[in-house]
Amino acid sequence: MSKLVIVESPSKAKTIKKYLGNDYEIIASVGHIRDLPKSRLSVDVKNDFTPKYSIIKGKEKVVAELKDAASKAEAIYLATDPDREGEAISWHLAYILGLDLNALNRVTFNEITKTGVQTGIESPRKIDIDLVNAQQARRILDRLVGYTLSPLLSKTIRRGLSAGRVQSVAVRLIVDRENEIRKFVPEEYWTIDAKLNAPSSRATFGASFYGDRNNEIKIHNEAECNAILDACNNADFVVESVKTGRKMKNPAPPFTTSTLQQEASRKLGFQAKRTMAAAQQLYEGVDVQGVGAVGLITYMRTDSLRLSEEAVASCRDYIGDKFGSKYLPSKPNVYKTKANAQDGHEAIRPTSVDLTPERVKDSLTSDQYKLYKLIWERFVACQMAKCILNTTSATIAANDFIFRASGYTVSFDGYTVLYEEGKDTEEEKSKALPPLEEGMVLKLKDLAGTQHFTQPPARYTEASLIKTLEENGIGRPSTYAATISTITSRDYVIRDKKSFIPTELGEVSTKLIADKFPKIVNIKFTAAIEDELGKVQSGEAEWVATLRDFWTDFEQTVQKAKKDLDGTKIKLKEDETDEICELCGKPMEVKYGRFGKFLGCTGYPECNNIKKLNPPKETGIDCPRCGAKLVERKTKKGKIFYGCGSFPKCNFASWGAPAEKNCPQCGKPLFYASSKSKELKCFTENCSFKDTNNE
């Protein structure tokens, strides 16, 4: 009989098998196997919020396989992910397999390496019921909020709407920022910049107007600007003081879940969902040439900045060998984890610093490589020496007015030789100043004023939204990817390049929730709930009591809102159309059904005329496969393709558009090879014509 190890994913199972050998059978549960059914609330509120779990639809076969394997095993280890969600999955597995909850059968792996796996197997423990209860409390709380508010939104605004404890606050942040932008009144101001030469240098450097000898002066309009320009144009620009100094720049700490998502957004353009998918793959294991299956990073759901002594020691050895002793601090850099962090795992780091990005590049997908390189460089840089800057600042007088100039040179690049943290906004690059001395008279090359207007606050990007959610204690970083996917996929917000803009639906929904359920979208209240859930996880609070405290007030608010909103129906302008019903002459509007959007008559129920929304656009081009007309269609994500109008009888489709010329061999239409390619190709059966040099 073998020992059974149950993990969540097949790829993780494959990697772990390599380290445990033939005495162990590794099976994947493929995520959760038991949950609250979607079709109903599934929580007995009157009986201490008892959850009514059931096997997830489609998981019956997996459960049968797990039971069969468990019946033959001499020992069973529950090795799901080392977090709250993983603990709950192990608890559900124990229930289904009839395991003793007090048995030492729970093992965790902070990293999927030989050492990490063998250490985990040798250190089994009981299932942490506090972690399980924390997961249950969150799951039930989110179900209570979602399944109570969503029907109200659907009935009052639009069918199929949903609300959530964290997603509603995220949308509110975006809506509030948009309102700030709308209310913002730009104010005019001017700046004056001088371009100067020192006698000892041909290089021109810049100095900015500061004020007079007593105070800083703000320039409000062109008249004020011109008065200062007139006073300075023929003046001597004299250096009054020069200060030199040194500035130290510290490396950024290693990644947590939140900072990884933010940096991947800034530097790689990855959405949080994409970042976490690649990180999960790197954690679970990748087949590396010459190494085999190995987990390349530690567990990626963490809020800790802690690093193991072994990892730091190996990193310092690498830095000394690769960059030299001057890049190595005398002592390891230590980073302090936030006071409210769970600190359950190390920070995100490579499992082996010797597995450099270039060494593993050929074994990784593009996303995996880019993210691994980011994680590896951030980790190594966090243990490197500071960057040292030589700074110079000068005060320059022109008559009674003062200009200031500053610059720096890099004395020692330190950690920046490898990595620098990304910023949400671009910073102006400072140049070195030429040698300056007190009393030196400078030559004025140019003096000009520039008009500016104050700018409204910037819209949230994915990085800045995640940062704000974390700073305010809203939700957990591990849930941010799902939250952002939800609010975008359900049309509460849209992306404009990297920025989030609320839709009318998002604004109306937020206003309704804020009016009727003010606590749900109150940042401080939501953060307080998060703190209380954290206490459940640490064993300081009882989960049923926490739910009861929330539900007592919330239920009363729900009943009042139902009464207030009875018979109310809010129409959205974005659902209005110019289409006129040909049956009754009334306007058509966008409606929402089980299968998506459609056009319906506003005269319903007297007139029940409906139409397809945005029917496929005719191209007039014959299908190369069956001869029917091709139509222009869009995928669910809005990507255009060209398909046969007789679908599903004919399933011809092309990403590339039909060209304006026909095939010289068969006479049928030619197509561009893709939406971005100039190459032409023929799709007609038995014709392989290609024009790779299409001009």
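User: What is a nonpolar core, and which residues have the most contacts inside the largest one?

Analyst: A nonpolar core is a set of buried Ala, Val, Leu, Ile, Met, Phe, Trp, Tyr and Cys residues joined through side-chain atoms within 4.5 Å. Buried means under 20% relative accessible area, exposed over 50%, and partly exposed in between, with a 1.4 Å probe and protein chains only. Here the largest such core has 145 residues, and L296 and V380 have the most contacts inside it. With neighbours within four places in sequence set aside, V380 is in contact (heavy atoms within 4.5 Å) with C315, Y318, I319, V353 and L418.

The model is predicted, so local features need pLDDT of at least 70 and side-chain atom pairs count only at pLDDT 80 or more, whereas totals for chains, interfaces and linings use all residues. Residues are numbered from 1 along each chain as its sequence is written, and side-chain values use heavy atoms, with hydrogens and water left out.

User: How is a sheet read, and in what order do the strands of the open sheet stand?

Analyst: Strands of a sheet pair through backbone hydrogen bonds, either parallel or antiparallel. Two strands pair if DSSP finds at least two bridges between them; helices (H or I, at least four residues) and strands (E, at least two) are DSSP runs, numbered from the N terminus. In this model, four strands form an open sheet with antiparallel pairing, in the order β18-β19-β20-β21. β18 (576-580) and β21 (610-611) are the edges: each has a single partner strand, so one side of each lacks a neighbour in the sheet. Two bridges join β20 (residues 596-601) to β21 in the antiparallel sense, and G600 stands opposite I610 in β21.

User: How is the packing of two helices described, and at what angle do α3 and α5 pack?

Analyst: Two packed helices are described by the angle between their axes and the distance between the axes. Axes are lines fitted to C-alpha atoms, for helices over the stretch in contact, and angles run from 0 to 180 degrees between N-to-C directions. Angles under 35 degrees count as roughly parallel, over 145 as roughly antiparallel, 65 to 115 as roughly perpendicular and the rest as oblique. Helices α3 (residues 84-97) and α5 (residues 129-156) pack at about 100 degrees, their axes 8 Å apart, and are therefore roughly perpendicular to each other. On the α3 side the contact includes R84 and W91, which are among the residues that meet α5.

User: How do α5 and α16 cross?

Analyst: The axes of α5 and α16 (residues 523-537) come within 7 Å and cross at roughly 150 degrees; the two helices are therefore roughly antiparallel to each other. Among the residues in this contact are L141 in α5 and L533 in α16.

User: Is F403 buried or exposed?

Analyst: F403, found in strand β14, has a relative accessible area of 0% and is buried.

User: Where does A432 lie, and which residues does A432 contact beyond its neighbours within four places in sequence?

Analyst: A432 lies in the loop between β14 (401-412) and β15 (441-453). With a relative accessible area of 43%, A432 is partly exposed. Beyond those sequence neighbours, A432 is in contact with Y408 and T409.
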